[in-house]
Amino acid sequence: MAAIICITVMLTSLTVTMQAAVDASGGQGDNNGTVCTQIVEAAQNELNDADKTVGGYRYKNWYGMDANWCAMFVSYCADKCGFIEKGIMPKTASVAASKQWYINNNLYHDAASGYVPKAGDIIIFGNGMSHTGIVTGYNPETKKLTTIEGNSGRSSTTPYHKGSHVKEHTYSITYSKIAGYGTPQYPQDDTAADAAGQENN
């Protein structure tokens, strides 16, 4: 089982099944139902290149900070999609700041609310300040979600973030270390493309 903080995160396997989100009663924010294949593809491209990005220097150099880089990774993928420039997602190296941005924009859902995650959501772990990643899918049959995360996996360096990786993970939706989800308001054209893909599956 993964220990979910930027300091220690263990690798698990991936099974991706996309599903549009279900509006959760009692959650913070309104579920806008938008999924995003674009940011999932950006994260997947980085995962494919993971052997070249150990220590996260691609993301650190882009952001301009040599520190824990899980939030930088999310921001980097968002920037690749043009979502930072459009104000759809924040540019930040801070998990706490990311969470607060979604709260301030009425786009945050506590895990305890029963919210069902969807592709493109931003998952936040621990106390809401420790670790983050990108949800790549949710399987309603197994009730498991999949993610791609930066600053993850095994590292033999000190500090940890200088030897960590981009990794993919699978979690039960009830995993206790999941704090909640940021739900960016993605462009509707991306949503339509994803919905069409689901209908053809």
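**Ground rules.** This is a predicted model, so I kept its limits in mind: local features need pLDDT of at least 70, side-chain atom pairs count only at pLDDT 80 or more, and totals for chains, interfaces and linings use all residues. Residues are numbered from 1 along each chain as its sequence is written, and side-chain values use heavy atoms, with hydrogens and water left out.

**Cores.** I looked up the largest nonpolar core first, and it has 33 residues. By nonpolar core I mean buried Ala, Val, Leu, Ile, Met, Phe, Trp, Tyr and Cys residues joined through side-chain atoms within 4.5 Å. Buried is under 20% relative accessible area, exposed is over 50%, and partly exposed is in between, with a 1.4 Å probe and protein chains only. The residues with the most contacts inside this core are Ile39, Phe73, Phe83, Met89, Ile134, Val166 and Tyr186. Helix H1 (37-48), helix H3 (70-80), helix H4 (95-104) and strand S2 (122-125) each supply at least two of its residues. The largest share, 8 residues, comes from H3. Helices (H or I, at least four residues) and strands (E, at least two) are DSSP runs numbered from the N terminus.

I then checked Ile134. Leaving out residues up to four places away in sequence, Ile134 touches Ile39, Ala43, Phe73, Val74, Cys77, Asp121, Ile122, Ile123, Thr146, Thr147 and Ile148. Contact here means heavy atoms within 4.5 Å. A second, separate core has 12 residues, including Phe125 and Tyr175.

**Helix H4.** Which residues of H4 are buried? I found Val95, Ser98, Lys99 and Tyr102. Looking down the axis of H4, these fall within an arc of 95°, so they line one face of the helix; the arc is taken from the directions from the helix axis to the C-beta atoms. They pack against H3, S1, S2, strand S3 (131-139) and strand S6 (178-182).

At the N-terminal end of H4, Ser94 is the cap, with a side-chain oxygen 3.3 Å from the backbone nitrogen of Ala96. Just after H4, Asn106 takes a positive phi of about 60°.

**Cavity.** My search of the whole structure gave 1 cavity of 30 Å³ or more. About 60 Å³ of space lies in the largest cavity. Its lining includes Ala71, Met89, Thr92, Ser98, Tyr102 and Ile122. H3 gives the most to this lining, with 3 residues. For the method, a cavity is a set of points on a 1 Å grid over the protein atoms alone where a 1.4 Å probe fits but cannot get out, and lining residues have an atom within 4 Å of a point.

**Thr92.** This lining residue lies in the loop between H3 and H4. Is Thr92 buried or exposed? Thr92 is buried, at 11% relative accessible area. Its side chain reaches the backbone nitrogen of Ser94 at 3.0 Å.

**Lys118.** I found Lys118 in the loop between strand S1 (108-110) and S2. Lys118 is buried, with a relative accessible area of 1%. A polar contact of 2.9 Å joins the side chains of Lys118 and Asp121. Polar contact means a pair of N or O atoms within 3.5 Å; within protein, one must be able to donate a hydrogen and the other to accept it, and residues adjacent in sequence count only if both atoms are side-chain atoms.

Note on methods:
On a 1 Å grid over the protein atoms alone, a cavity is a set of points where a 1.4 Å probe fits but cannot get out, and a pocket is an open set with protein on both sides within 12 Å along at least five of seven lines; lining residues have an atom within 4 Å of a point. Grid points are joined across faces, edges and corners, and a volume is the space filled by probe spheres set on the points.
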